[in-house]
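Me: Can you walk me through this model? I'll ask as we go.
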Amino acid sequence: MVAVACAAILPLIGAVHANEGKPPLVASSARIIGDEARTRVVMDFNEEPEFEVHYLDSPVRIVVDFPAVGFSFPTRDLAPTGLFSDIRFGSMGEGSARLVLTAKKPVQVAIAETKLEDGGKVFRFVLDTEIATKQKFAELMKNQNWQALAPATTASVTTDVVQKTSRQSDFVIAVDAGHGGIDAGAKGGVTGTDEKVITLTFAKELADRLNKIAGIKAFLTRDDDTFLALSERVTLARQQNANLFISVHADTLKQKGIRGATVYTISDRASDRMAQDLAERENLSDQIAGVAVQHAQPEVADILLDLTRRETQAFSVTLAENIVNSFEGQVGLINNPHRYAGFQVLRAHDVPSVLLELGFLSNPDDEKLLLDDQWRQKVADTLATAVTRYRAQALANGG
């Protein structure tokens with residue numbers, strides 16, 4: 001399976017880029033050329049890469065899986081052109097990386113090979129693609145023996161209706177750093193910093209802060225530049241018997257003037273257009289990483305399950321209100337800071353969950369704050385206060 005590590009092109013922030021061992025396989029350069037009929041992708045490696053090529057539909061995608069790869073070329077060198085509307089590459093878990101090319105129309109791979117070039121110093125990976133008929137693409141999909149499931153990097157994915165074990169004595173909090181690996185998330189308009197770096201930096205700071213509070217045990221859904229499917233994030237929280245799930249993000253908006261923190265809870269109906277658009281983008285995380293769309297497990301027609309879900313949603317709203325109240329006067333908030341929409345990462349029926357937008361990377365002032373150590377620590381402290389208040393309320397109500 002393919003995996004790509006983009007650390008070489010990421011801005012450095014705090015502990016995120018501690019001395020990690022570099023993978024032996026390095027892609028030193030890349031280029032793309034072509035038109036609406038044929039497009040070629042080339043990457044130069046220091047060693048011969050093993051690879052597998054697969055296809056996905058809805059939308060049409062070519063997926064190339066590699067072992068772990070260190071990318072030392074800028075992302076703009078593989079800017080989408082020709083047949084492709086989007087190109088992503090990044091890690092898919094320990095020991096694997098992935099290149100995902102989203103096509104504008106049905107495509108097929110004409111050539112996929114590695115050649116020794118430059119006097120034996122460079123292994124050149126060449127991927128030639130061309131347009132195909134719908135029938136041909138359907139045949140390619142049908143005849144491949146492969147399913148694009150997300151890698152079980154840290155947990156096997158189980159259905160949302162599995163029974164959980166009894167709660168631990170500690171108040172357990174899952175801190176989820178949004179995006180990761182092949183899914184870089186948004187990008188800062190001034191510094192170009194990837195959202196996945198900012199979310200992991202803050203998630204680590206928040207978990208450290210929460211773990212200093214007696215009776216609270218915080219853990220990270222990911223602690224490095226690893227891709228996790230949305231379902232994996234939910235499953236990790238449930239497997240650890242989490243009392244709370246906090247997913248951290250820092251997106252971009254078309255309106256660069258909008259800034260400030262926002263707290264989202266789940267709902268079938270979005271509170272507003274901005275919340276709906278944001279949820280739709282966040283829910284594309286699996287698609288970006290080349291994960292096949294999985295049909296949802298049929299829900300159990302159980303009145304107890306429904307009651308649990310409603311109670312959990314009420315607790316989620318209470319948590320969101322506590323966060324907003326703690327932030328007011330301390331941390332900048334947008335208008336109507338508690339919003340809601342159908343975020344897939346918040347769907348655990350028995351774990352109160354919120355998605356926290358720290359700010360927007362599309363706003364230069366927010367971007368500056370997001371990269372400021374002291375500001376992030378202040379937000380972590382304020383958020384810890386909100387969680388402590390919520391925990392006291394939950395324990396008083398027998399939660």
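Me: Is Ser362 buried or exposed?
Reply: Ser362 counts as buried, because its relative accessibility is 9% and the cut-off for buried is under 20%. Keep in mind that this is a predicted model.

Me: Where is Ser362 found?
Reply: Ser362 is in the loop between β15 and α7 (364-370).

Me: What does the side chain of Ser362 reach?
Reply: The backbone nitrogen of Leu253, at 2.8 Å.

Me: And which residues does Ser362 touch, leaving out those up to four places away in sequence?
Reply: Asp251, Thr252, Leu253 and Lys256.

Me: What joins β13 to β14?
Reply: Five bridges, and these two strands run parallel. β14 covers residues 333-341. Here Val263 stands opposite His338. That puts Val263 across from His338 in β14 and across from Leu356 in β15.

Me: Why is β13 largely enclosed?
Reply: Five of its six residues are buried, so the rest of the structure largely encloses β13 (residues 261-266).

Me: Switching to the sheets. What is the order of the five strands in the open sheet?
Reply: The order is β5-β1-β2-β9-β8, with mixed pairing. The edge strands are β5 (70-71) and β8 (107-117), and each pairs on one side only.

Me: How many bridges join β1 to β2?
Reply: Seven, and the two strands run antiparallel. β1 spans residues 26-34 and β2 spans residues 38-45. Gly34 stands opposite Thr39 in β2.

Me: What about Gly120, where is its place?
Reply: In the loop between β8 and β9 (122-131). Gly120 counts as partly exposed, because its relative accessibility is 40%.

Me: How far apart are Gly120 and Asn46 in space?
Reply: 9.8 Å, C-alpha to C-alpha. In sequence, Gly120 and Asn46 are 74 residues apart.

Me: Now the open sheet of four strands. What is its order?
Reply: β3-β4-β7-β6, with antiparallel pairing. β3 and β6 (84-91) are at the edges with a single partner strand each, so one side of each has no neighbour in the sheet. From one strand to the next, the twist averages 15°.

Me: How do β3 and β4 pair?
Reply: Antiparallel, over five bridges. β3 is residues 52-56 and β4 is residues 61-67. His54 stands opposite Val63 in β4.

Me: Which residue in the hairpin of β3 and β4 takes a positive phi?
Reply: Ser58, with phi near 55°. The hairpin has four residues between the strands.

Me: And how many bridges are there between β4 and β7?
Reply: Seven, again in the antiparallel sense. β7 is residues 96-103. Val64 stands opposite Leu99 in β7.

Me: Aromatics next. How many aromatic pairs does the count come to?
Reply: Nine. One of them is Tyr55 with Phe137: the ring centres are 5.8 Å apart and the planes are at 90°, so the pair is edge-to-face. Tyr55 sits in strand β3 and Phe137 in helix α1 (residues 134-143), so to speak distant parts of the chain, 82 residues apart.

Me: Are Tyr55 and Phe137 buried or exposed?
Reply: Both Tyr55 and Phe137 are buried.

Me: Which residues form one aromatic cluster?
Reply: Phe45, Phe51, Phe66 and Phe125.

Me: Last topic, the whole chain. How many helices and strands does the secondary structure come to?
Reply: Eight helices and 15 strands.

Me: What share of the residues counts as buried?
Reply: 50% of the 399 residues. The chain exposes about 18300 Å², and carbon and sulfur atoms supply 49% of that.

Me: And what share of the contacts with a separation of 6 or more comes from residues 24 or more positions apart?
Reply: 78% of them.

Methods: Residues are numbered from 1 along each chain as its sequence is written. This is a predicted model: local features need pLDDT of at least 70, side-chain atom pairs count only at pLDDT 80 or more; totals for chains, interfaces and linings use all residues. Side-chain values use heavy atoms; hydrogens and water are left out. Two strands pair if DSSP finds at least two bridges between them. Buried means under 20% relative accessible area, exposed over 50%, partly exposed in between (1.4 Å probe, protein chains only). Axes are lines fitted to C-alpha atoms, for helices over the stretch in contact, and angles run from 0 to 180 degrees between N-to-C directions. Contact means heavy atoms within 4.5 Å. Accessible areas come from the Shrake-Rupley method with a 1.4 Å probe; for residues, only the protein chains shown count as cover. Rings of Phe, Tyr and Trp (its six-membered ring) pair if their centres lie within 6.5 Å; planes under 30 degrees apart count as stacked, over 60 as edge-to-face and the rest as tilted. A polar contact is a pair of N or O atoms within 3.5 Å; within protein, one must be able to donate a hydrogen and the other to accept it, and residues adjacent in sequence count only if both atoms are side-chain atoms.
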